[in-house]
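Dear colleague,

I am passing on to you the structure shown below. Please look through it first; my findings follow.

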Amino acid sequence: MPSDGVKTLLRLAGVQVAYGAIEAVKGVDLELFAGEMVCLIGANGAGKTTTLNAIAGTLPLSGGSISYHEEDLARLPAHKRLRRGIALVPEGRGIFTRLTVEENLRMGAYIRKDADGVAADMARVFDMLPRIHERLHQVAGTLSGGEQQMLAIGRALLSRPRLLLLDEPSMGLAPLVVEKIFEVVQSVRQEGVSILLVEQNANLALEFAQRGYVMESGRIMLSGSGRELLANPAVRAAYLGEAS
Amino acid sequence: METLLQQILNGLVVGSVYALVALGYTMVYGILGLINFAHGEVLMIGALSALTTISSLIGVAPDLPPLLLLAAGLLVAIPTCMTVAFLMERLAYRRLRGAPRLAPLITAIGVSFLLQTLAMIVWGRNYHTFPQLISTTPLQPIDGVFISPVQISIILVSALLMFALVTLVNRTRLGRAMRATAENHRVASLMGVDVNRIIALTFVLGAALAAVAGVMFASNYGIAHYAMGFMPGLKAFTAAVLGGIGNLAGAMLGGIVLGLVEAVGAGYIEDFTFGFLNSSYQDIFAFVILGAVLIFRPTGLLGERVSDRA
Ligand SMILES: Nc1ncnc2c1ncn2[C@@H]1O[C@H](COP(=O)(O)OP(=O)(O)OP(=O)(O)O)[C@@H](O)[C@H]1O
Ligand SMILES: [Mg+2]
């Protein structure tokens with residue numbers, strides 16, 4: 001548990017999101033402290049992606065509120081939330097397939113005016129993700145799934161986020177690639193970026209995250225430290241593939 | 001031989017105008033999946049607002065040099081058209097984003113009628129003589145082949161504008177944002193792109209090109225009229241589809257090819273039809289091409305994957 005004096009970076013209070021008549025998120029409370037890595041796990045269709053999109057601003061709330069740095073985000077469109085430091089690596093990566101790898105990265109830095117800073121960050125991304133560097137001038141649609149995921153993360157980092165939202169970065173990738181991606185996430189976190197990670201792979205997520213929330217049918221069912229949740233029999237049964 | 005060369009030149013002139021207008025269709029389609037049938041009307045407003053400007057200037061200062069008058073006409077026509085396109089997007093199309101495709105399409109036709117009617121109210125139903133400020137007296141660079149200074153200017157100005165647009169789209173930060181938005185609005189907004197602004201900008205850029213095209217069109221034929229946008233609009237739409245709608249290079253290629261087919265076709269249509277049709281039927285080519293492309297190659301010359309755009 002974070003000690004007193006640690007600032008709440010992100011707070012969701014009673015957040016509801018609906019797709020027409022379908023209520024996908026039915027009142028979620030969630031908190032993330034500055035510098036923390038928190039994971040959100042849950043079965044398919046639980047509402048994890050919907051929650052992340054609501055935080056990033058690409059879906060409107062039908063109830064509740066989201067605040068970031070004590071600021072209510074309700075009236076802030078997605079493109080302005082990025083300027084506040086909230087970056088989302090969307091489910092399915094959201095690569096611009098017709099742009100080159102370099103153009104994708106430059107889109108990540110779209111809001112920045114400091115050319116030198118961007119160049120330096122670009123170099124750091126290449127350091128972390130040499131595969132991306134090798135394919136700089138390739139059309140991004142031709143990258144492999146793993147490379148696209150790395151590109152999506154590198155692109156998000158180029159906006160210099162303070163809160164990084166990751167939606168299932170391990171989806172559909174081989175274990176070695178997943179390992180590489182989590183290494184990158186870990187080093188990003190060590191630089192002080194707060195992370196909210198959505199994962200199907202609960203084992204992996206709970207191992208890395210300090211705290212976790214378990215979501216089911218649009219609600220938070222459980223929350224606790226990574227270790228607690230890993231030890232919780234209900235979690236083990238539902239998400240870690242163990243018979244109870 | 002000279003006739004063919006002559007027709008190719010004529011085709012290049014008309015084709016450049018089609019290409020400029022086709023770019024507007026294709027850019028808007030690329031970013032919204034919308035066929036903005038009111039785009040031809042923007043060309044008309046360009047021509048008529050330039051006409052009004054030039055006539056009033058001549059009224060007060062009859063001795064102004066023609067090029068200055070033309071520049072003044074463009075200087076009014078371009079921002080006027082940009083404003084019209086901006087309002088059209090803001091008031092009509094924006095609220096229809098995400099609506100079923102038929103709704104914006106019908107709205108576009110409605111906007112087109114509305115603009116024509118407004119133009120009729122402002123400029124009347126009559127044909128106006130458009131002052132030919134650049135000489136239309138043909139030069140004869142090769143024996144038997146004629147081209148007038150206004151035609152030369154049309155080709156040069158169009159080439160310049162197309163080069164500028166392609167550079168903007170492919171080489172600048174703004175152009176990158178336009179291409180990213182065309183591919184995925186949601187992800188573009190996650191990159192900090194104000195998607196509404198980029199879409200408005202796309203309309204406005206297309207309108208600026210159409211304004212210039214309108215002035216060139218009217219200068220070439222010496223006539224302007226509230227309904228003058230319809231035919232070039234339809235032809236430019238055909239050109240955009242021919243090139244592969246959504247594709248910039250395609251729109252330019254489509255415009256030039258259509259201009260050439262029309263001009264060369266007009267020269268030989270009597271022979272083709274054993275005298276049954278004469279060159280006044282040249283508009284037929286555009287629609288035969290449109291039909292053929294839609295049937296045999298709906299993706300156009302340079303297009304890929306059009307059908308999957310919603
Ligand atoms: N665009 C949409 N329109 C209608 N319903 C939707 C839409 N997107 C998601 N839903 C519904 O909302 C619910 C939550 O979906 P969401 O994508 O947030 O789940 P998730 O937890 O991310 O699942 P997964 O692990 O499969 O990615 C699901 O029941 C889904 O069917
Ligand atoms: Mg999901």
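By class, the shell around ligand 1 has 6 polar, 5 nonpolar and 3 charged residues. In this predicted model, 14 residues surround ligand 1, and the closest are A:Lys48, A:Thr49, A:Thr50, A:Glu91 and A:Gln200. At least two residues of this shell come from each of strand 2 (22-33) and helix 1 (48-56) of chain A. Helix 1 gives the most, with 3 residues.

Polar atoms of the protein also lie beside oxygen atoms of ligand 1. A polar backbone atom of A:Gly45 is 2.8 Å from an oxygen atom of ligand 1, and for a polar backbone atom of A:Ala46 the distance is 3.2 Å. In the side chain of A:Glu168, an N or O atom is 3.1 Å from an oxygen atom of the ligand. Ligand 1 taken alone exposes 630 Å², of which the protein buries 63%.

Which protein donors does the magnesium ion (ligand 2) have? They are A:Thr49, through OG1, and A:Glu91, through OE, and they lie 1.8 to 2.2 Å from the ion. The pair links distant parts of the chain, as the two residues are 42 residues apart. A:Thr49 belongs to helix 1 of chain A, while A:Glu91 sits in the loop between strand 6 (86-89) and helix 3 (101-108).

Is A:Thr49 buried or exposed? A:Thr49 counts as buried because its relative accessibility is 19%, and buried means under 20%. A:Glu91, at 36% relative accessibility, counts as partly exposed.

With kind regards

Notes: Residues are numbered from 1 along each chain as its sequence is written. Chains are lettered from A and ligands numbered from 1 in the order in which they are written. This is a predicted model: local features need pLDDT of at least 70, side-chain atom pairs count only at pLDDT 80 or more; totals for chains, interfaces and linings use all residues. Side-chain values use heavy atoms; hydrogens and water are left out. A residue is near a molecule or strand if one of its heavy atoms lies within 4 Å of it. A polar contact is a pair of N or O atoms within 3.5 Å; within protein, one must be able to donate a hydrogen and the other to accept it, and residues adjacent in sequence count only if both atoms are side-chain atoms. Accessible areas come from the Shrake-Rupley method with a 1.4 Å probe; for residues, only the protein chains shown count as cover. Helices (H or I, at least four residues) and strands (E, at least two) are DSSP runs, numbered from the N terminus. Ala, Val, Leu, Ile, Met, Phe, Trp, Tyr, Cys and Pro count as nonpolar, Asp, Glu, Lys and Arg as charged, and the others, Gly among them, as polar. Donors are N, O and S atoms within 2.8 Å of the metal (3.2 Å for Na, K and Ca); water is not among the atoms, so sites may look incomplete. Buried means under 20% relative accessible area, exposed over 50%, partly exposed in between (1.4 Å probe, protein chains only).
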